[in-house]
Amino acid sequence: MIRKACGVWCIETARTGYYLAERGPLVEHLHYGRRLEPDLEAMRAPVSVAMGTDVIHDPLNDPALSLLHLGLEISPLDKGDYRPGALAMRDARGSAVLDLRCEGIELLGAPVPAAGLPQVRGGSDTLVVRAAAAPSGALVERFYTPLEDCDVIVVRTRVTNRGEGPLRLERLFSYQLDLPGREWELVSFTGAWAREFAPTRRPVEAGAALVASRSGVSSHYANPFAMVCSRGADETSGEVYGTNLLWSGSHETILEAGPYSTTRLLSGIQAEGFTWTLEPGESFDSPEAVLAYSATGFETLSHSMHALVREHIVPGRWAGAERPVLVNTWEAMYFDLSEKRLDALARSASSVGAELFVLDDGWFGRRTSDERGLGDFSVNRKRLPSGLTGLSSRLKKRGLDFGLWVEPEMVNRDSALFEAHPDWILADPATVPSPSRHQFVLDLCREEVQDHLIGQITALLDSAPIRYVKWDMNRHHSDRFSPALAEPGRLDVAWTRGLYRVLREITAAHPGVLFESCASGGNRVDLGMASYMPQVWLSDDTDAWERARIQTGASYGYPQSLWGSHVGASPNHQTLRSSSIEARFDVAAFGLLGYELDLDGLSPAELRAVRAQLRFYKEHRGLFQFGRWYRLRSPFESDECAWMAVAPDSTEAVVLEMVGRAVANVDAPPLRLRGLDPRARYRVSTRREMLDPRVFGSLINTVLPVRVDHEGALVRAVARHRPMTTEAFEAEASGSVLMNAGLRLPQRFAGTGFVEGMRVMPDCSARLHLVTKLAR
Ligand code: DGJ
C-alpha cells in the first residue's frame, strides 16, 4: 500500500515501510525498515549550520544545506554529494552538472511497464518521484511498487530527454538507498565455475564494497543478489536488507559509507563502458531492482526473497507447480550418444520411477564434441536414426516425457551457421576474436540474429513433443563490438535486451514447455532469466558436499523451487570425491530432483535404493520443492550442514543433516529445528538408507564372527546385493522442545565401539528426518 501521512510518502508492505518526503528541491529519504507511523519532523535529518568543508547545494534558499548530510532519493549531479552516484550524464554542451530538482511526487494506479525488460508480476500501486534539470532537459523518474505479501519493494529509474539536444547517459543505477550510520556489512555471493554462491561478508566502514560482473552475464563471479546487514546479524537476529536485479547482463552493486552518518547502497547495470545517448524525446529504463528488509536476520529476508521468486518472478503458470523428476544424459554419457545407449538409459530411468528424460548436448549437427556443431540444431541422423520424434515416442511408451538441451546464443566456428554467417558473432574485425569452449557469442544486438534464433528454436519445439528445454549458455562475453550499434557503449545492454526479446517470444509461444536456464551451471542465475524460465541448473558441480555448500549459499536469495539438483556418479566427476548414492540423494532432494549418471552402472542394491528415493521424494515433493526453507547449520561455518523445509501450515517438514568431514570422538549437539508449531506434538523419523558395509573398512572384522577380507569378493557381493541399513530412529516431542532444546539424535560412531542403533556418518554422509504433526 502507498499512502501519504503527515507530509510523508509511505510505501508499505505487511511488515516493512519505505518513507520519503520533499525537502525544498530535494526528495529526502527518511527511513526504510520496520513499518511505522510517520512523523516528518522527527524523521528529517537535522541540518541548521554548514559543517566543516561542506559544499552548499542551494545557497540562495538554504545557506546551511549540504547534500552529504541527507538521505536522498535522487541526488543532484556534481553539487557536492560525494557519495557514489546513481546517475551520470552529460547534456548537449558536455556538462555533467545537472541540478536535478523535484518536479513532484505522484501516486499511480498500477506499475508502469518498462518496454522490453522483464518485470515483477503483481503490485497494485506505484509511486513516482520526478526530478528534472532544466537546461539539460533531463527528467529522472524513480518508480516504487510495494509487494505487500512478500515484504518486497520494486524500484527502477527512467531517464527522459525533454531537451533539444542529445543527452548522454554514462551511468544509471536502478536505485540508490541511503541507510543510517556507517556500521553495515555487505554479504555477497561470489565464485566461479562449479563453485558458485560462496557467501563473503565485509564491513564497509573502511571503504567501498563492490559486487560486480563485467563479463556480459550476471555471472558466477558475483551474483546480483546481495545483502546488507548490521554487525553481528545472523539467521534470526539483526537487521538485513536484500537487493537483487531483474537483469541478466553485467551489473554492479556498491555499498559505501559516506563521510558523515550514512551508507549508500546502489545497484544496477554495470557502469563501466556504458553509454546510451538519448535524442530529444527518448527515454531509457533501468532494469527493475527489488529490495527487502528483515528486522530478524537472514532467515526472514530469505523467506521474502523466496516468496518473491515463487509468486512474482517465475512465469505464473509455473508458480507452485510441482516439477518432474528427470534423468539427464550429460554426466551419464557426455557426447558419446547413440540410440542404443539412450534407450538403455531410458529403460532404467523408467524402471526407477523418473518422469522426464532429458537429452543433453551432442544430439545435433556435427556436435560430437564441444569443438563443433554449435548453432546447427537439427538432429544428427547418424546418431539418432529415428530422430527426435522416434526417441520421444519410445520414451512415451515408457511413461517418460521428453526434454531437450539447446545452446542457442552461441556458435562454434566449425558449424554450418558460422559458415553461412561468419559476421554474426561479437567481434571487432581489427582483432582475432577470443574463443571460450571453442565457441563465440552470437550478436544478439542484431535483429536478424534474434529472428534467426526465434525461428530456429520455434521450429525445433514444433518438430517433436518436447516438454522441457534446458537452455544452456557456456561462456562469458568478450570482443564486444557490433556493427549494428552506432554507439559501442550500448552493447551490453542492447545484447541483453536482444536476448530478452528472444526469450519472451519463444517462451510466450510455448507456455506448456518447462524451461530450465543453464549457463555452465550457475553462470546466469538471476531474476531476469527466472522471469522467463522457472528453473535453473544451479551448478555443474554434483558433488554432494559441494552442493550442500552451493545450495546453502543460493538459498539466501533464491528458493529451492528454482534450482535443479542432480544425483551424479561416485567418485564425483568434478571433485573425484566418493559418496554414497543415499547422501547424494539426500542433498539433491532439496530442490528439483534429477539423476545424471549411468543408472545401468549401479549395483542392484543401489538401484533398489534409487527406487525407494524416488518414492520418498514423490510422496513429499511439495515439501522438498516448495517448503519454507530454514538453514539450521551452515557448511560455511562448520563441517556440517543442515536444512529444513516446512509445510506452510507447519504440519510436516523434512530435515537434512549432513556431515562433510567427520571428526572422531565428538558429541553432535542437538539440532534445533525451526518453523514448527510450538504447541503441537510431532513425530520425527529418520529415513532408513542403504549402508555399504565397506564403509567400515577392516573394522568389519571386529564385529563379524568370522574373519573376511574387507576388500574381497564376499564383502563386495554383500555390498552389491544385500547391504546393511542405517539406524532406525523415531521420537516424539513438542514443537517447542524441538525448536528450543533441539532434536536429540542417537550417538554417532565416534571411533570407539559400535552398537546397534548407532549412527554411522563418515565423510560426506547424510540423513533425512521426516517431521510430522500428530493429531491431538
Ligand atoms: C554445461 C552444462 O552446465 C552441463 O550441464 C551440460 O549441459 C553441458 N554444458 C553440455 O555441453
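**Sites, helices and backbone**

Analyst: At 2% relative accessibility, Gly 216 counts as buried, and the model in which this value was computed is a predicted one. The place of Gly 216 is the loop between strand E13 (209-213) and E14.

User: Which residues is Gly 216 in contact with, leaving aside its neighbours within four places in sequence?

Analyst: Gly 216 lies in a loop and counts as buried, with a relative accessibility of 2%. With its neighbours within four places in sequence set aside, the residues in contact with Gly 216 are Ser 248, Gly 249, Ser 250, His 477, Arg 480, Asp 492 and Thr 496.

User: How many Å apart in space are Gly 216 and Gly 712, C-alpha to C-alpha?

Analyst: In sequence, Gly 216 and Gly 712 are 496 residues apart. In space, taken from C-alpha to C-alpha, the separation of Gly 216 and Gly 712 is 54 Å.

User: Which residues surrounding the ligand are the closest?

Analyst: The ligand is surrounded by 13 residues, and this shell divides into four nonpolar, three polar and six charged residues. The closest of the 13 are Asp 360, Asp 361, Lys 470, Asp 472 and Asp 540.

User: Is Arg 437 buried or partly exposed, and what is its relative accessible area?

Analyst: Arg 437 lies in the loop between helix H6 (416-420) and strand E25 (439-441), and its phi is near 50 degrees, a positive value in a residue other than glycine. Most residues other than glycine have a negative phi. Since buried means under 20% and exposed means over 50%, Arg 437 is partly exposed, with a relative accessible area of 26%.

User: Where does Ser 650 lie, and is Ser 650 buried or exposed?

Analyst: Ser 650 is not a glycine, although its phi is positive at about 60 degrees. Ser 650 lies in the loop between strand E32 (640-646) and strand E33 (652-659). Because its relative accessibility is 10%, Ser 650 counts as buried.

User: Which peptide bond is cis, with omega near 0 degrees?

Analyst: Most peptide bonds are trans. Pro 571 lies in the loop between strand E29 (563-567) and helix H11 (581-588), and the bond with omega near 0 degrees, which is cis, runs from Ser 570 to Pro 571.

User: Which side chains does a polar contact of 2.9 Å join to the side chain of His 769?

Analyst: His 769 is placed in strand E38 (residues 765-773), and at 0% relative accessibility His 769 counts as buried. Among the residues in contact with His 769, leaving aside its neighbours within four places in sequence, are Ala 653, Val 684, Leu 745 and Arg 759. Polar contacts of 2.9 Å join the side chain of His 769 to those of Glu 657 and Thr 686.

User: Which backbone atoms lie 2.9 Å and 2.8 Å from a polar atom of the side chain of Asn 223?

Analyst: Asn 223 lies in strand E14 (residues 222-230) and counts as buried at 3% relative accessibility. At 2.9 Å from a polar atom of the Asn 223 side chain lies the backbone nitrogen of Phe 225, and at 2.8 Å lies the backbone oxygen of Val 525.

User: What span should the 17 residues of helix H7 have at 1.5 Å a residue?

Analyst: Helix H7 covers residues 447-463, and its buried residues include Val 449, Leu 453, Ile 457 and Leu 460. What covers the buried residues of H7 includes helix H5 (387-397) and helix H8 (491-509).

Notes:
Residues are numbered from 1 along each chain as its sequence is written. This is a predicted model: local features need pLDDT of at least 70, side-chain atom pairs count only at pLDDT 80 or more; totals for chains, interfaces and linings use all residues. Side-chain values use heavy atoms; hydrogens and water are left out. A residue is near a molecule or strand if one of its heavy atoms lies within 4 Å of it. Ala, Val, Leu, Ile, Met, Phe, Trp, Tyr, Cys and Pro count as nonpolar, Asp, Glu, Lys and Arg as charged, and the others, Gly among them, as polar. Helices (H or I, at least four residues) and strands (E, at least two) are DSSP runs, numbered from the N terminus. The expected span of a helix is 1.5 Å times one less than its number of residues. Buried means under 20% relative accessible area, exposed over 50%, partly exposed in between (1.4 Å probe, protein chains only). Contact means heavy atoms within 4.5 Å. A polar contact is a pair of N or O atoms within 3.5 Å; within protein, one must be able to donate a hydrogen and the other to accept it, and residues adjacent in sequence count only if both atoms are side-chain atoms.
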